[in-house]
Amino acid sequence: MAAAVVAAGSAQQFQELLQQQDRSLVVVHFWAPWAPQCAQMNEVMAALAKEHVQVTFVKLEAEAVPEVSEKYGISSVPTFLFFKNSQKVDRLDGAHAPELTKKVQRHASGSSISAGSNDIAKEDLAVRLKKLINAAPCMLFMKGSPKEPRCGFSKQMVEILNKHGISFSSFDIFSDEEVRQGLKTYSNWPTYPQLYVAGELIGGLDIVKELEASGELDTVCPKACKLEDKLKTLINKAPVMLFMKGNKQMAKCGFSKQIIEIINSTGVDYETFDILEDEEVRQGLKTYSNWPTYPQLYVKGELVGGLDIVKELKENGELLPVLKGEN
């Protein structure tokens, strides 16, 4: 009998499914009902379920189980996680049907993976690591996040970089075991934190301390413009600026999707900024604007508000004049 795609409605159901399918592959689709690309990938998954009856395919609505999404670093949909023996073994971000098919075939073959497939897996990881290393001019691979470091060495590294006003992005190696182990081999550096500049490994905490002591750190790493200046520049980048999850072509949360539909209906031109791409802006703008949630809409550098405010303005017939800067 052909296998069906199982829907998990809660974090508990999700855990139970992982434990029940202890020895087989479990593929979990973190999806959202408002995203058309998720509906397409659900169809792909249903077709794969018929081909691979030994694999358990699970649909999990990302925004309905925030604790699970947060645990596995799900910041956009669709995202697929692959589990074996209740452990995450792989991940796929985005609506890539051929890649999903390839990964399912590879992991479903289990212990009978050929040397050729293994080489493909290594190649896939190397490509992914290279992308992560080059995700920002200065990239820090650490335990935890800059706001909440989860080891003393990572905490010291963040303090040094902040003290020197160095602009950096970070990756929490606890969020992805494949990256955590793979990067040690890729960079031939066995410990964390690891600091990269322009795609090249600088080193760990001891190296950074040496660079600081010699006065070379400031020349090696890119300086940050003050966050406040950066936020002001972004807010004033266009007469109408929307800070959202995703962009006007592809919203990555239901609230962002609703607000762009409303703004699009006015015909007014606007620019967007994807707060998922920059954690510093995402956190900093909440404080700067004293507005704790996203999306956030600005006109001529002034905060208008979020989705509820925009809905009210539309209902009152005030939205168009506000967007044109007439109010």
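**The whole chain**

Start with everything shown: 42% of the 327 residues in the protein chain are buried (under 20% relative accessible area with a 1.4 Å probe, protein chains only). This is a predicted model, where local features need pLDDT of at least 70 and side-chain atom pairs pLDDT 80 or more, while totals for chains, interfaces and linings use all residues. Numbering runs from 1 along each chain as its sequence is written, and side-chain values use heavy atoms, with hydrogens and water left out.

Zoom out, and the C-alpha trace spans about 65 × 60 × 30 Å along its principal axes. Colour by secondary structure for 14 helices and 13 strands (DSSP runs, H or I of at least four residues and E of at least two, numbered from the N terminus).

**The sheet**

Next, select the open four-stranded sheet, ordered E7-E6-E8-E9 with mixed pairing; strands pair if DSSP finds at least two bridges between them. At its edges sit E7 (169–172) and E9 (200–203), each pairing on one side only. From one strand to the next, the twist averages 25°.

Now pick E6 (residues 138–142) and E8 (residues 194–197): they run antiparallel, joined by four bridges. Click Cys-138 and you'll find Val-197 of E8 opposite.

**Helices on the sheet**

Which strands does helix H6 (residues 152–163) touch? E6, E8 and E9, with its direction about 160° from that of E6. Touching means heavy atoms within 4.5 Å; angles run from 0 to 180 degrees between N-to-C directions of lines fitted to C-alpha atoms, for helices over the stretch in contact.

Conventions. Buried means under 20% relative accessible area, exposed over 50%, partly exposed in between (1.4 Å probe, protein chains only).
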